[in-house]
Amino acid sequence: MEKKKYISMAVIKRLPKYHRYLRELLRNDVDRISSKELSEKIGFTASQIRQDLNNFGDFGQQGYGYNVRELYKQIGIILGLTKDYNTIIIGAGNLGQAIANYSYFKSIGFKLKAIFDRNPKLVGLKISDVEVKDTDNLEEFLKNNDIDVGIICVPKEHAQGISEVLTSNGVDGIWNFAPIDLKVPKNVIVENVNLSESLLTLSCRMNDNLMGNRRKVNAIDEI
Ligand code: NAI
């Protein structure tokens, strides 16, 4: 049997960006692209691109570049986008509703089957054609439906409890927005999302730029 190749997390994290750019190229009827052209668009170096894509097989041809459609398809396969994922959202507040209303997730296979909340004012509402159900019925729903992914959008105090209900009823992927590190069984994949970390990275980089500018000014002063 062929041994599975180890792919680093850094490469995996770059794949969605390749996928997004290739989708854009396809929309613009681009058939083929060289690593150099892709590099100019995507911002990774051409050698980085060749190295990344070599991890998954021989996609490119010398002097021809990459076949955009084929590369898009192959990266989609690697990203696990060849099947649908039955998905639910727990927490129908600001964030849960925003995610439910974002149609891109559906277009890449994350089919929203239900939304749960414990607030009686929200239960029964339809968001993006999907009904908000009472969290009291979550466990029963999971037992009767084959749900792959749970999106946690509840306050952090409730997130661990919700994740336990999910994982003990067959959910094996959690997209967690609550600011807490969930403890889950080994076979469950958790992907945490934190917008504030991204915002802090922005402020840090802006600050770093300022210091860089300040350094330049000081250097000029010294001349
Ligand atoms: P929100 O207060 O608008 O919504 C929370 C919803 O969860 C409410 O509708 C509430 O009734 C429901 N809820 C509470 N306990 C529940 C339970 N046990 N079962 C089912 N539903 C329950 O809050 P918002 O702004 O939507 O934030 C939700 C979560 O996402 C919070 O943990 C917040 O910290 C986090 N958040 C994370 C972001 C990120 O970048 N990761 C960005 C914004 C919010």
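This is a predicted model: local features need pLDDT of at least 70, side-chain atom pairs count only at pLDDT 80 or more; totals for chains, interfaces and linings use all residues.
Me: Which elements give two or more residues to the shell around it?
Reply: Helix 5 (94-100) and helix 8 do. Helix 8 gives the most, with three residues.

Me: How many residues are around the ligand, and which come nearest?
Reply: There are 23, and the nearest are Leu-95, Asp-117, Val-154, Val-193 and Leu-195. By class, the shell has 13 nonpolar, seven polar and three charged residues.

Me: Back to helix 8. Where does Ser-163 lie, and is it buried or exposed?
Reply: Ser-163 lies in helix 8. Ser-163 counts as buried because its relative accessible area is 1%, and the cut-off for buried is under 20%.

Me: What does Ser-163 touch?
Reply: Leaving out residues up to four places away in sequence, Ser-163 touches Ile-152, Ile-174, Leu-182, Lys-183 and Val-184.

Me: New topic. How many residues are in the largest nonpolar core?
Reply: That core has 18 residues. Those with the most contacts inside it are Ile-88, Ile-90, Phe-116, Leu-142, Ile-152, Ile-162 and Leu-166.

Me: Which elements give two or more residues to this core?
Reply: Strand 4 (85-90), strand 5 (110-117), helix 7 (138-144) and helix 8 (156-167).

Me: What does Leu-142 touch?
Reply: Ile-88, Ile-147, Val-165, Leu-166, Asn-169 and Val-171, again not counting residues up to four places away in sequence.

Me: Which residues does the second core include?
Reply: Tyr-18, Leu-25, Leu-26 and Leu-53 are among its 16 residues, and this core is separate.

Me: Now the whole chain. How many helices and strands?
Reply: Nine helices and 10 strands. The chain has 223 residues, and buried ones make up 34% of them.

Me: What share of the contacts join residues at least 24 apart?
Reply: 56%, among contacts between residues at least 6 apart in sequence.

Me: And the accessible surface, what does it come to?
Reply: About 14900 Å², with 51% of that belonging to carbon and sulfur atoms.

Technical notes:
Residues are numbered from 1 along each chain as its sequence is written. Side-chain values use heavy atoms; hydrogens and water are left out. A nonpolar core is a set of buried Ala, Val, Leu, Ile, Met, Phe, Trp, Tyr and Cys residues joined through side-chain atoms within 4.5 Å. Buried means under 20% relative accessible area, exposed over 50%, partly exposed in between (1.4 Å probe, protein chains only). Helices (H or I, at least four residues) and strands (E, at least two) are DSSP runs, numbered from the N terminus. Contact means heavy atoms within 4.5 Å. A residue is near a molecule or strand if one of its heavy atoms lies within 4 Å of it. Ala, Val, Leu, Ile, Met, Phe, Trp, Tyr, Cys and Pro count as nonpolar, Asp, Glu, Lys and Arg as charged, and the others, Gly among them, as polar. Accessible areas come from the Shrake-Rupley method with a 1.4 Å probe; for residues, only the protein chains shown count as cover.
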